Amino acid sequence: MATTKGKKSAIPTLEGASGERKPLFGKFADAGFQVAWYDFECEKTLDWSKQLRPENLELCINFEGCGTVLVRPNRTTVINPQTVLQYSGHTKSLQVDRHAAQRHQFLTVVMSKNWLTHTTLGSAKGLNSETRAFLDGRRRSVHSRGQVLSSQVKRLAEELLAPPVPASC
């Protein structure tokens, strides 16, 4: 899989936000997998749901800024700084926002079901239960799962932003 040049671009689709989006790896349309870095501020609460792709699994490695994932009226997950959040589902049922008057810095890893199935072939038992249910098709509804950002995941995310190997290699 080819890497995507790390050119920063304005975020034209995020109305009311000023900042940058930096594709880091993959191209979703071609590979079914993409990693991107976001660094922006927003004046008003930002509806992030418009950025989601239907029927895919997304990881958000959140460094800074807060948000909310509303799965259904009685199930809300708060996106806090230094957390990792996994969510998937029908985009019409999933509401995700980014809170106003904050700087937001996070990585997203977006994976299609086909890409994830192919990549985890033979090792799906090591995945968490929500991901296995997503792959098996048992999880048709929306779900989210959050946890504290571990030092290992933080280090990996930082290396994606500033690879230890020069880009020309």
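The chain contains four helices and 11 strands; these are DSSP runs numbered from the N terminus, with helices (H or I) of at least four residues and strands (E) of at least two. The model is predicted: local features need pLDDT of at least 70 and side-chain atom pairs pLDDT 80 or more, while totals for chains, interfaces and linings use all residues. Residues are numbered from 1 along each chain as its sequence is written, and side-chain values use heavy atoms, leaving out hydrogens and water.

**Whole chain**
- Of the 169 residues, 41% count as buried, that is, under 20% relative accessible area with a 1.4 Å probe, protein chains only.
- Among contacts (heavy atoms within 4.5 Å) between residues at least 6 apart in sequence, 66% join residues at least 24 apart.

**Gln34**
- Gln34 belongs to strand β3 (residues 33–42).
- Gln34 counts as buried because its relative accessibility is 10%.
- A polar atom of the Gln34 side chain lies 3.3 Å from the backbone nitrogen of Phe28.
- Leaving aside residues up to four places away in sequence, Gln34 touches several residues, including Arg21, Phe25, Arg53 and Val110.

Terms used. Buried means under 20% relative accessible area, exposed over 50%, partly exposed in between (1.4 Å probe, protein chains only). A polar contact is a pair of N or O atoms within 3.5 Å; within protein, one must be able to donate a hydrogen and the other to accept it, and residues adjacent in sequence count only if both atoms are side-chain atoms.
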